[in-house]
Amino acid sequence: MPEMYDVVIVGGGIAGGALAAVLARSGIAVAVLERDPVPLDRVRGEFMAPWGVAELKRLGLLETLAEAGGIFTKRSIPYDENTPGDSALPFALDLSAILPDVPGPFCMSHPAMCAALAAVAEAAGATVLRGVEKIDLLAGSPPTVSFSRDGVAAEWRPRLVIGADGRNSQVRRQLGLKVLADPPRMLIGGMLVQRVPEWPQDLQVIGTEGRMHFLVFPQGGDRVRLYLCYDFADKAPYSGSQRQENVIAAFAGLTCLPYADAISRAQPIGPFNAFSNEDRWTEDPTAAGVVLIGDAAGHNDPIIGQGLSIALRDIRLVSEIILADQWNQEAFRPYVEERLERMRRLRITARLAVTLRSEFGEEARMRRQRAGRRMRVDKMLSPVLASIVGPERLPAAAFEQATIDALLAS
Ligand SMILES: Cc1cc2nc3c(=O)[nH]c(=O)nc-3n(C[C@H](O)[C@H](O)[C@H](O)COP(=O)(O)OP(=O)(O)OC[C@H]3O[C@@H](n4cnc5c(N)ncnc54)[C@H](O)[C@@H]3O)c2cc1C
């Protein structure tokens with residue numbers, strides 16, 4: 001281990017691992033300090049939107065992950081109480097034709113992605129230290145980061161510290177950065193299951209029935225990742241000791257989903273963890289000698305599955321600044337400004353998604369049906385595509401309140 005690193009990254013998840021790989025490949029001396037001894041399934045993203053796949057490709061990491069077991073979905077069929085069974089087929093979306101040179105959304109086990117990215121980073125010369133504890137950070141030029149590992153304390157002064165330690169970022173807390181948040185509106189949980197060989201591995205499904213919004217993403221072989229959004233009032237079955245069985249039973253009871261019966265025979269191979277859905281963000285995720293990326297810099301409501309793509313865009317922008325040999329806080333301004341607008345647009349997109357898909361009852365069902373027709377048939381402007389093609393590709397008017405009001409009007 002060199003005594004002195006250019007960059008020390010706190011957190012070796014998707015954001016930390018991918019940034020370490022990109023920087024190490026370009027000859028930057030980089031170390032990753034990761035808390036967990038091995039990557040764990042804490043229930044995070046396993047669906048990457050097409051615009052995130054484009055970012056992954058630009059970073060030169062897509063092949064690595066595809067070789068490590070990732071797969072592409074090609075079709076999205078909107079099985080829903082408004083379009084049950086075969087009546088959904090005319091509305092199927094060809095996901096392979098959304099963005100040029102992107103075969104579709106990318107699905108892969110989250111811990112496997114983290115492990116593969118860390119391996120690329122190490123092979124390129126990065127140091128990855130696992131089982132790190134007691135991270136303590138002092139911003140400055142240079143910043144000071146201290147930690148302990150195997151009972152041995154260390155203190156380093158790199159040129160830059162990157163906080164990539166996730167939604168409960170300790171780095172962010174230690175910097176005292178103000179966190180803004182939307183009010184929470186529902187809970188979203190996920191669970192990995194196996195023994196669903198009937199599920200077509202090129203198919204993803206997003207729909208609503210009764211008091212449940214559900215999402216299913218294939219994960220290779222006979223595995224699928226189930227996500228479930230529900231009201232706080234309905235949380236009891238999903239928080240007790242029977243929660244895994246209750247999640248499977250909830251999917252098995254869906255009458256609009258042709259593969260519900262197959263899911264009834266699924267076997268959980270990971271925990272079911274649920275989170276409240278609110279967006280959280282910081283207006284400026286930087287300090288002297290420190291830059292936050294990924295969830296540590298602020299996260300979007302998981303209902304629209306953007307966190308992986310957001311992290312990869314962060315990595316591209318931050319790595320371009322570092323590789324241009326710019327290290328002072330002011331140099332990261334373009335990243336800060338682009339991220340603020342990107343997150344604002346995705347926040348509006350997610351709020352609309354919750355209104356359309358995670359509010360339940362007859363009135364909500366009819367509103368979803370009306371809005372769907374306005375978007376699909378009348379081709380009315382909407383922010384919804386932002387979560388597939390990337391928020392910057394839509395005109396600013398797509399995110400205005402008048403646009404949302406027109407979609408939701410009775
Ligand atoms: C239920 C749910 C479903 C989601 N679904 C999707 C989806 O389908 N698609 C999508 O794109 N996104 C999704 N997301 C969001 C996505 O998972 C995150 O945005 C993404 O994982 C962020 O990556 P990250 O590396 O910034 O943070 P994390 O993945 O949280 O990684 C942080 C890393 O830092 C480490 N760490 C934490 N604290 C410390 C510390 N003090 N010291 C050292 N290391 C530390 C952790 O162990 C971890 O390895 C979902 C999120 C949730 C909660």
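Hi everyone. Helix α9 (residues 333-357) gives the largest share of the lining of the largest cavity, four residues. Helices here are DSSP runs of H or I with at least four residues, strands are E runs of at least two, and both are numbered from the N terminus.

Before going on, a word on the model. It is predicted, so to speak with care: local features need pLDDT of at least 70, side-chain atom pairs count only at pLDDT 80 or more, and totals for chains, interfaces and linings use all residues. Residues are numbered from 1 along each chain as its sequence is written, and side-chain values use heavy atoms, with hydrogens and water left out.

Back to the cavity. By cavity I mean a set of points on a 1 Å grid over the protein atoms alone where a 1.4 Å probe fits but cannot get out, and lining residues have an atom within 4 Å of a point. The structure has one cavity of 30 Å³ or more, and the largest holds about 40 Å³; volume is the space filled by probe spheres set on the points, which are joined across faces, edges and corners. Its lining includes W281, T282, E283, V336 and R339.

W281 takes us to the sheet. Strand β20 (residues 280-281) is joined to β23 by two bridges, and the two run antiparallel; W281 has G298 of β23 as its bridge partner. The open sheet has three strands in the order β13-β20-β23, paired antiparallel, with β13 (180-181) and β23 (298-299) at the edges. Pairing here requires at least two DSSP bridges between the strands.

Now, salt bridges: a side-chain nitrogen of Lys or Arg within 4 Å of a carboxyl oxygen of Asp or Glu. The whole structure has 28. Which residue does E55 pair with? E55 pairs with R313, with the closest N and O atoms 2.4 Å apart. E55 sits in helix α2 (residues 50-58) and R313 in helix α8 (residues 307-323), so the pair ties together parts 258 residues apart in sequence. Are they buried or exposed? E55 is buried at 4% relative accessibility, and R313 is buried at 5%. For reference, buried is under 20% relative accessible area, exposed is over 50%, and partly exposed lies in between, with a 1.4 Å probe and protein chains only.

R351 is partly exposed at 38%, whereas D182 is buried at 12%.

Thanks, happy to discuss!

Key. On a 1 Å grid over the protein atoms alone, a cavity is a set of points where a 1.4 Å probe fits but cannot get out, and a pocket is an open set with protein on both sides within 12 Å along at least five of seven lines; lining residues have an atom within 4 Å of a point.
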